[in-house]
Amino acid sequence: QSVELVNRATASDPSSFASQSFDYIVVGAGTAGLAVASKLAQDGKARVGIIEAGLYLPNDPLIDVPKNFGQNNGNPKYDWRFNTTPQAELSGRTVPHPRGKVVGGSTALNYLVFNRASKQEYDAWAEIGNDGWDWNSLTNSFREVSHYTSITDNQTFPNSLDANSINSQSEQYHGTDGVIQVSYNTFETDVQDPYVQAMNSLGVSTNSLPDSGNITGVYNSPTAVDRTTGKRSYAASFYVKNMDNDHFVLLQGARATKIDFSPNKNKDGNVVATGVTFDVSGTSYTVKAGKEVILSAGVFQSPQLLELSGIGNSTILQRFGINTLVDLPGVGENLMDHAMSAQMWQVNPGVVTWDQLRINTTFAAAAAQQYNTTHDGVLASTINTVAFSSFRTVADNDTAYGDLLNTLDQWINSTSLTPLQSKQYDIQKRWINESVPGMEFVMIPSGGLTRTRPANDTSYMIISAILQHPFSRGNVHINSSDPMELPAVDPKYLTSPFDVAALVQGVQFANKLVSTEPLASLITTRIDPATNFTSGAHFEG
Ligand SMILES: Cc1cc2nc3c(=O)[nH]c(=O)nc-3n(C[C@H](O)[C@H](O)[C@H](O)COP(=O)(O)OP(=O)(O)OC[C@H]3O[C@@H](n4cnc5c(N)ncnc54)[C@H](O)[C@@H]3O)c2cc1C
């Protein structure tokens, strides 16, 4: 059935695609690419051609069933399968980086948490020179993209507003006819309420309106799940919406290899993109763009394509025999990735978590039956219990917090910074002072995402501490002039000592949390890392 649909929806074969006349060529049918293409092609304003390396995969349970999140990571049918270079601060370990290689991009394999950043974080985009990307300007787009399904009273968290108040206030922040479905889990495990209450006891209060620009607190995140079908809602919906729009033409299974430029610069002295060269099954084609080429191939492959096309640091380009069109040393630099550290605890027998699907065949059969008939329940759920906190709340005491800030200042003073880094670090330091949350805690009510394999008859809970605004900076660059080779990704995790110290505080906070009632009574023991890890020095190691 899926093959038949792919054939019907495939816009064109490569030669006819290449011969068409387009105003815009969009590279990458992922989250950004499909949204921008849909907007440009709406109301017949412009003709847009989209080049995507992956395929459209409708009716695929590994994409559609929310609870299957994570299962297509590492599978070449869905995932580009990036790995970082060996990371010095992780004893030379490499870190896998899944990225979606399908229509819908990484939203086809992400974890479906539909949440937002703080108002201050969007405002910073505008502050560093991106006019129109501040919170106030973006709220219209937030509303336009989403289709909100109301929360019900039995879906709310302890100490939150009632469903009516949440729904009436959410109208400001969510739309009702966008293509991305936004709804709340319809199944909760036994660990969720005690977890929220333990958070409350440690000073992290329940936030009922986290999409309002204030994300501080523990909250019930909306998820990108279609409440009617129980399926993942993701960027491919922009494609589905445009299937009958002859101004929106998607070519699947086509890999862009180079952006083409006019031999002449424009009157401002800038190079002008004229089209894109792409590869389908070993044959190369070129398609022209009347107005613009939009590069939306994701965080790793957009810089790769720029470098392959002659835009980047000329020293790197020369190394691979690429002629420099624009010497732009910033390309591929300043890569930031939020480091995280996950710990796993065993929970007491009888405590219901998602592990029931693995250890209890009756439970699993009932869940499948429920999903197939009413499209809800545990299989329609994903991660929803998230908390965002300031470093002051996470730090053990005033001294620990003071030490954290000193570590940061000393490191910044002894490091040579690019002008962009200086500007960003000033903003990041301001956020710390203003208590904009720098640490996220994600609770996963099951085992399986850390080092130790879950035992057959046992249930678990994982808490991940995640740095929101790391100070470490890495890069991504081509490793070869062959466009079929993946670029080298080097996030330089934890090269800033502040990141290490802050993450250790986060890991210790998670341990304090599981010792806090009513959560403490559900916990048997920590499994990852082993119980002899107790001090900051252990976690740092
Ligand atoms: C495992 C995982 C879990 C995540 N969980 C969440 C979550 O719960 N909530 C959340 O909000 N975010 C989450 N994210 C992040 C979010 O999904 C991404 O930030 C977002 O999808 C990135 O969008 P993008 O448009 O930049 O790139 P993508 O969506 O990855 O799109 C890039 C597209 O370009 C295509 N492409 C690349 N190179 C070429 C080429 N040379 N030629 C043609 N096509 C090309 C790719 O195949 C892809 O379709 C998660 C990400 C991952 C990987």
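Guide: One term before we start: a residue is near a molecule if its C-beta atom, placed from the backbone, lies within 6 Å of it. Also, this is a predicted model.

Visitor: OK. How many residues surround the ligand, and which are the closest?
Guide: 32 residues surround the ligand. The closest are Gly28, Gly30, Gly105, Ser106 and Asn110.

Visitor: Which element gives the largest share of that shell?
Guide: Helix α10 does, with four residues. At least two residues each come from α3 (31-41), β9 (255-261) and α10 (298-308).

Visitor: And how do the shell residues divide by type?
Guide: There are 14 nonpolar, 14 polar and four charged residues in the shell.

Visitor: What does UniProt list as "binding site"?
Guide: The unreviewed UniProt entry lists Val102, Asn110, Tyr111, Leu112 and Val113.

Visitor: Take Val102. Where is it found?
Guide: Val102 is in the loop between β4 (96-97) and α5 (119-127).

Visitor: Buried or exposed?
Guide: Val102 is buried, because it has 27 C-beta neighbours inside 10 Å, and 20 or more is the cut-off for buried. Leaving out neighbours within four places in sequence, Val102 contacts Gly54, Leu55, Leu57, Tyr78 and Ala108.

Visitor: And what about Leu112, buried or exposed?
Guide: Leu112 is buried, with 22 other C-beta atoms within 10 Å. Leu112 also sits in the loop between β4 and α5. Among its contacts beyond four places in sequence are Pro66, Phe69, Arg232 and Thr382.

Visitor: Which domain feature does UniProt place at residues 100-123?
Guide: The unreviewed entry calls it "Glucose-methanol-choline oxidoreductase N-terminal". In the model, residues 100-123 are 21% helix and 0% strand. The end C-alpha atoms of that span lie 28 Å apart.

Visitor: New topic. Which residues touch the most other members of the largest nonpolar core?
Guide: Those are Ile25, Val27, Val48, Ile50, Ile51 and Val276, in a core of 63 residues. Val276 touches Ile25, Val27 and Ile51, among others, not counting residues up to four places away. A second, separate core has 52 residues, including Phe388, Ile462, Leu519 and Phe539.

Visitor: What about Met439, where is its place?
Guide: Met439 is in strand β16, residues 439-444. With 23 C-beta neighbours inside 10 Å, Met439 counts as buried. Its contacts include Ser389, Phe391, Ala465 and Gly506, sequence neighbours up to four places away aside. Met439 and Leu138 are 301 residues apart in sequence and 24 Å apart in space, C-alpha to C-alpha.

Visitor: And Thr525, buried or exposed?
Guide: Thr525 is exposed, because 10 other C-beta atoms lie within 10 Å, and 12 or fewer counts as exposed. Thr525 lies in strand β20, residues 523-528. Beyond four places in sequence, Thr525 contacts Trp345, Gln346 and Thr531.

Visitor: How many Å apart are Thr525 and Val36 in space?
Guide: They are 48 Å apart, C-alpha to C-alpha, and 489 residues apart in sequence.

Visitor: Last one: helix α13. What should its 14 residues span?
Guide: At 1.5 Å a residue, α13 (residues 361-374) should span 20 Å. Its end C-alpha atoms are 20 Å apart, so the two agree.

Visitor: How many of its 14 residues are buried?
Guide: One, so α13 lies largely in the open.

Visitor: What comes just after α13?
Guide: His375, which takes a positive phi of about 60°.

Technical notes:
Residues are numbered from 1 along each chain as its sequence is written. This is a predicted model: local features need pLDDT of at least 70, side-chain atom pairs count only at pLDDT 80 or more; totals for chains, interfaces and linings use all residues. The expected span of a helix is 1.5 Å times one less than its number of residues. UniProt positions are given in the numbering used here, feature names are shortened, and annotations may be inferred rather than shown by experiment. Two residues are in contact if their C-beta atoms, placed from the backbone, lie within 7 Å. A nonpolar core is a set of buried Ala, Val, Leu, Ile, Met, Phe, Trp, Tyr and Cys residues joined through C-beta atoms within 7 Å. Ala, Val, Leu, Ile, Met, Phe, Trp, Tyr, Cys and Pro count as nonpolar, Asp, Glu, Lys and Arg as charged, and the others, Gly among them, as polar.
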